[in-house]
Amino acid sequence: MAVPKLLSVTFLFFSLQQKANARGLSVGFYNETCPSVEAIVHETTAKFVSRAPSLAPALLRMHFHDCFVRGCDGSVLLNSTANNTAKRDAFPNQSLRGFQVIDAVKSAVEKCPGRVSCADILALVARDAVSLVKGPRWKVPLGRRDGNVSMASRGLGQPACSFLQCHSTDSVVRYQGFKC
């Protein structure tokens, strides 16, 4: 039962990747500044997913929650501050897990001389996590810019399986402009 859901969400990401190509993203974006980024991400992600395969759908879900509001900008990774509750702490996102994987990958990628966006790291981790549990693998267009705005109020329109029924989730997805 979990595999069909994972494949459905993966299909949604293939759709998002097509939109990404229209925004100037490209496969091989870091070929000059960090040619080993994909290998570093894959190796680090594999260390976690091999020990805990249930992280694969969790990491894909984190990427989905990042992309669902304001696009794939890494804003779900930003922490709350004294003056702002971040998207990460919005009700639908409180059950997200796998942040330790992203932190480890970010640390490993610091070996690169050039900067790699957290949004791209999240996209690569999601792809690699899915493929490591025998799911599909796809090319990830890169070159996202990290967002610097992360507000919990913007995360409240996201679907959260824990409190929405399927028909409600469909309406939230349609509201965002996606077709079910």
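**A look at the fold and the annotated site**

Colleague: Which kinds of secondary structure does the chain have?
Modeller: The chain has 6 helices and 0 strands. Read from the N terminus, the order is α-α-α-α-α-α. Do keep in mind that this is a predicted model.

Colleague: Got it. How much of the chain is buried?
Modeller: Of the 180 residues in the chain, 45% are buried.

Colleague: What share of the contacts join residues at least 24 apart in sequence?
Modeller: That share is 74%, counted among contacts between residues at least 6 apart.

Colleague: Switching topic, which residues does UniProt list for "binding site"?
Modeller: The unreviewed UniProt entry lists Asp-66, Val-69, Gly-71, Asp-73 and Ser-75 under that name.

Colleague: Where is Gly-71?
Modeller: Gly-71 is in the loop that runs between α3 (55–68) and α4 (99–109).

Colleague: And Ser-75, where is that?
Modeller: Ser-75 also lies in the loop between α3 and α4.

Colleague: Is Ser-75 buried or exposed?
Modeller: Ser-75 counts as buried, because its relative accessibility is 1% and the cut-off for buried is under 20%.

Colleague: Then why does Gly-71 count as partly exposed?
Modeller: Gly-71 has 23% relative accessibility, so it counts as partly exposed; that class covers values between the buried limit of 20% and the exposed limit of 50%.

Colleague: Great, thanks!

Conventions: Residues numbered from 1 in each chain as written. Predicted model: local features only at pLDDT ≥ 70, side-chain atom pairs only at ≥ 80, totals over all residues. Heavy atoms only, no water. UniProt positions renumbered as here; feature names shortened; annotations may be inferred. Helix = DSSP H or I, 4+ residues; strand = E, 2+ residues; numbered from the N terminus. Buried < 20%, exposed > 50% of the residue type's maximum accessible area, 1.4 Å probe, protein only. Contact = heavy atoms within 4.5 Å.
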